[in-house]
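Here is a friendly note to keep beside you while you look around.

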Amino acid sequence: MKVSLLDLKRQYQGIREEVLKEIEKVCDNQSFILGENVANLEKEIAQYCHTKYAIGVASGTDAILLALMAIGVGPGDKVITTPYTFFATAGSIARLNAIPVFVDIEPETYNMDVDKLEACLKKETRSKKSKIKAIIPVHLFGQCADMEPIIQLAKKYRLTVIEDAAQTIGAEYKGRRAGSIGDFGCFSFYPSKNLGGFGDGGMVVTNNERLAEKVRILRVHGSKPKYYHKMVGINSRLDEIQAAVLRIKLRHLENWTNGRIEKARIYNRLFDEAGLQEIMTLPTASADRHVFNQYVIRVKKRDQLREYLAKEGIGTEIYYPVPLHMQKCFRYLRYKRGDFPVSEKAARETLALPIYPELTIEEQQYVVNKIGDFYKL
Ligand SMILES: *Cc1c(COP(=O)(O)O)cnc(C)c1O
């Protein structure tokens, strides 16, 4: 049997007609950038995420970059995030010549460890001239970071909170939707995300009118009105074809998300029935609603397991093999091995298994059986 890590063709089968019809309309209109579909998608995403404003941009990376630009983060400023995330989180900080300051993660959720955040803030703010401007908690794999204490600390130290919610659209934390809790929420519509376009795309959400307006201007080179520039922005517009596709997919998102949650439950049950709970750590869902963009287990002999599963036709992935403080491009930050032991351990032990709403029970059973076979060898 072959079980790929992600099979978007199955999802496409169910929406093909609708999608092609809408794409054809965009082609007939020949209006491709920031048109009617983008405006409507912004309204629908704001409503879905329980925020007042949503601004469509070119990618999840740009969403983070634009949020940082909107609060004026620049050379020498510091922004706190975790080293166990996709590169874009810290990359966006570095692109503004600001300094990523890393705080380690919790071993169970892979999200920012709040005690370590507090310790970091104490240390960084010892001098009166603290350069810390913002915190970017990452909602990794589909569940929210522990936002309540993060918001409290941000208030105490007067910092902006930018949620990296790229993997977490529709997740909930104490009754609130991901992206609506901090000052900004940043989403990605990269095809493998829970709401994925037919290319790149992203969205910034916020409840702050002034910040929303600033992001709106910054995404079109800082111009308002057109050709009059009060600030230097970037070109980061969402296009109509993406927005048309995303609007159709958004209508299915709740169903698909519930499907993912159900598949995660089934994995948990099958691993339990196979008696495999003892040799692996299953994902913990501590937040109200984990949307399982990834189903990530923690195992011994991870690399050998991955190779074995590949031979048996099962696709897996390692998110992420190198924590960001160990990346070559961040050598100048002068972090060393051992600085973030929880992230480093996770990088050695985690493995993402296939999860998507269309995955069948037979396929899940096959994955679980093969993992069992490997550890019996
Ligand atoms: C996907 C992702 C991003 C970046 O989104 P793009 O749309 O690929 O630019 C940022 N942060 C995290 C945690 C992501 O998973």
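1. Let's begin with E42, which counts as buried at 8% relative accessibility; buried means under 20% relative accessible area, exposed over 50%, and partly exposed in between, with a 1.4 Å probe and protein chains only. Its partner in a salt bridge is R219, with 3.0 Å from N to O. R219 lies in the loop between α7 (209-218) and α8 (240-273) and E42 in helix α2 (residues 36-49), so this pair ties together parts that are 177 residues apart in sequence. R219 is buried too, with a relative accessible area of 7%. A salt bridge here is a side-chain nitrogen of Lys or Arg within 4 Å of a carboxyl oxygen of Asp or Glu.

2. A word on what you are looking at: this is a predicted model, in which local features need pLDDT of at least 70 and side-chain atom pairs count only at pLDDT 80 or more, while totals for chains, interfaces and linings use all residues. Residues are numbered from 1 along each chain as its sequence is written, and side-chain values use heavy atoms, with hydrogens and water left out.

3. Helix α2 has another link to follow. E44 forms a salt bridge with R247, the closest N and O atoms being 2.7 Å apart. Because E44 lies in helix α2 and R247 in helix α8, the pair ties together parts that are 203 residues apart in sequence. E44 is partly exposed, with a relative accessible area of 25%.

4. How many salt bridges does a search of the whole structure find? The search finds 27. One of them joins D339 and K336, whose closest N and O atoms are 3.2 Å apart. D339 is partly exposed at a relative accessible area of 27%, and K336 counts as exposed at 56%. Elsewhere, salt bridges that share partners join E172, R177, E254 and R289 into one network.

5. Now for the charges as a whole. The chain has 56 positive and 46 negative charges, and their mean positions are 7 Å apart. In this count Lys and Arg are positive and Asp and Glu negative, with His and the chain ends not counted; each charge is placed at NZ of Lys, CZ of Arg, CG of Asp or CD of Glu.

6. Stepping back to the overall fold, the chain has 11 helices and 12 strands. These are DSSP runs numbered from the N terminus: helices are H or I with at least four residues, and strands are E with at least two. The C-alpha trace spans about 65 × 60 × 35 Å along its principal axes. With 377 residues, a compact globule would have a radius of gyration near 21 Å, and the chain agrees, with 21 Å; the radius is taken over C-alpha atoms, and the globule rule is 2.2 Å times the number of residues to the power 0.38.

7. How is the chain packed? Of its 377 residues, 57% count as buried. Among contacts between residues at least 6 apart in sequence, 72% join residues at least 24 apart, where contact means heavy atoms within 4.5 Å. The chain exposes about 17,200 Å², and carbon and sulfur atoms supply 50% of that area, by the Shrake-Rupley method with a 1.4 Å probe.

8. Y267 lies in helix α8 and is buried, with a relative accessible area of 0%. Leaving aside neighbours within four places in sequence, Y267 is in contact with Y295, L353, P354, L359, Q364, V367 and V368. The C-alpha atoms of Y267 and V368 are separated by 7.6 Å, although these residues are 101 apart along the chain.

9. Some backbone details deserve a look. Most residues other than glycine have a negative phi, and most peptide bonds are trans. A cis peptide bond joins K224 and P225, with omega about -10°, and P225 lies in the loop between α7 and α8. Another cis bond joins Y319 and Y320, with omega about 5°; Y320 sits in the loop between α9 (302-311) and α10 (341-349).

10. Where is H221, a residue with a positive phi? H221 is in the loop between α7 and α8, has a phi of about 60° although it is not a glycine, and is partly exposed at a relative accessible area of 38%. K301 has a positive phi near 55°. K301 is found in the loop between β11 (295-299) and α9, and is partly exposed, with a relative accessible area of 47%.
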